[in-house]
Amino acid sequence: MAEGREVQWLDISEHQAGQRLDNFLLARLKGAPRSLIYRIVRRGEVRVNGGRARADQRLVSGDRVRVPPLRLSPEEAVQEVSDNLKNLLAGSVLSESRDWLVINKPSGLAVHGGSGVKIGLIEALRQIREDLDFLELVHRLDRDTSGVLLLAKSRDALLSLNNAMRSKQMDKRYLALVQGKWPPRRDFVSAPLERFEAGNGERRVRVASNGKRSRTRFALQEQFGEAALMEAEPITGRTHQIRVHAAHLGHALLGDVKYGTRRGEQLSRAVGLERLFLHAQALTFPDPRSGRAITLKAPLDDELKQVLERLRAH
């Protein structure tokens, strides 16, 4: 729990330099929600070298950070990592180096806490990996999506990997189970996407002429009766892109409660699917230290494997 009875003075080392102040505080103050971090910075309770600071301020080696005593109410505190989640994440590590950590993210776990989510993957890992001064997400996966997730263990690694992502040096491949018979020669989908809020405040995405340019490559892996297993490669990286592009073609992902169809719900029930069938199966990225291409793959979980076995048996 991120509570303290006394003011803390934290000196920034070379290894910690370059971090934003808010991310530094989140990593150090286990259990403190992001909203509390922003509040104490805004009120001037956090000081850097004796002066007021901004949440997005970059820290440099030799900075001295004043952190006030924290009192977290039960409603405000990020929950402690349960033993079950600890064991689940410990068993989900695919690979690790001095610069990065790759997790096979479980379905149903948000990557970030907030909006009613008491603890996300990044907060849980920061509690578990107390040996790390720095841990940040390089990219994100939707809460219900499983598979390869890359995290950086240093500021330099994060900058390098973010640059690789911007310059299209990362290759992401997903497996998706979609409704219907996939048409031959349908490989690319190019449809602009825009985000909007549904009536209940839920965040959604739709195809819209004034949206952002979005492209996805689909490749049929296996055709079943009324479902198709697809490999999806997002050329652009928009929110919910694969899900919305597939639904736009009339082939919504099975298990998709946001963009799916009633017939898709029936098919999902028939094969025992109780989650979104979208899995980040492979990620290729340049190693920040050596520059050599690293490819890591995440196996399907047992539920998704069993769904495919049932489809093949019919």
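The buried residues of helix α5 are R155, A157, L158, L161, N162 and A164, where buried denotes under 20% relative accessible area, exposed over 50% and partly exposed the range in between (1.4 Å probe, protein chains only). Helices (H or I, at least four residues) and strands (E, at least two) are DSSP runs numbered from the N terminus. The model is a predicted one, in which local features need pLDDT of at least 70 and side-chain atom pairs count only at pLDDT 80 or more, whereas totals for chains, interfaces and linings use all residues. Residues are numbered from 1 along each chain as its sequence is written, and side-chain values use heavy atoms, with hydrogens and water left out.

Helix α5 comprises 12 residues (155–166) and should span 16 Å at 1.5 Å a residue, in agreement with the 16 Å between its end C-alpha atoms; the expected span is 1.5 Å times one less than the number of residues. The cover over the buried residues of α5 includes β6 (100–105), β7 (136–137), β8 (146–152) and β15 (278–286), with contact defined as heavy atoms within 4.5 Å. Just after α5, K168 adopts a positive phi of about 60 degrees.

Helix α4 (residues 121–128) contains E123, which counts as buried at 16% relative accessibility. A polar atom of the E123 side chain lies 2.9 Å from the backbone nitrogen of G120.

A nonpolar core is a set of buried Ala, Val, Leu, Ile, Met, Phe, Trp, Tyr and Cys residues joined through side-chain atoms within 4.5 Å. This core has 33 residues, of which L121, L125, L151, V178 and F218 touch the most other members. Two or more residues each come from α3 (83–90), β6, α4, β8, β9 (171–179), β14, α6 and β15. Because domain 2 (83–166) and domain 3 (169–313) both give residues to the core, it lies between them; the domain bounds come from an automatic or database domain assignment. Beyond four places in sequence, V178 touches E226, A227, A228, M230, A246, H251, A252, L253 and L254. Another core, of 20 residues, lies apart from the largest one and has L21, L25, L26 and V46 among its members.

In strand β10 (residues 188–190), V189 is buried, with a relative accessible area of 4%. Residues up to four places away in sequence aside, V189 touches S214, R215, T216, F218, H245 and L249. The C-alpha atoms of V189 and V257, 68 residues apart along the chain, are separated by 22 Å.

With a salt bridge defined as a side-chain nitrogen of Lys or Arg within 4 Å of a carboxyl oxygen of Asp or Glu, the count comes to 22. Another joins E202 and K258 (2.7 Å, N to O). E202 lies in the loop between β11 (193–197) and β12 (203–207) and K258 in the loop between α6 (241–248) and α7 (262–270), so this pair ties together parts 56 residues apart in sequence. E202 is partly exposed, at 25% relative accessibility.

A further salt bridge links R217 and E231 (2.6 Å, N to O). R217 belongs to strand β13 (residues 215–223) and E231 to strand β14 (residues 227–234), so the pair ties together parts 14 residues apart in sequence. Both R217 and E231 are buried. Through shared partners, salt bridges join D171, R173, R217, E231 and E233 into one network.

Conventions: Polar contact = N/O pair within 3.5 Å; in protein donor to acceptor, adjacent residues only side chain to side chain.
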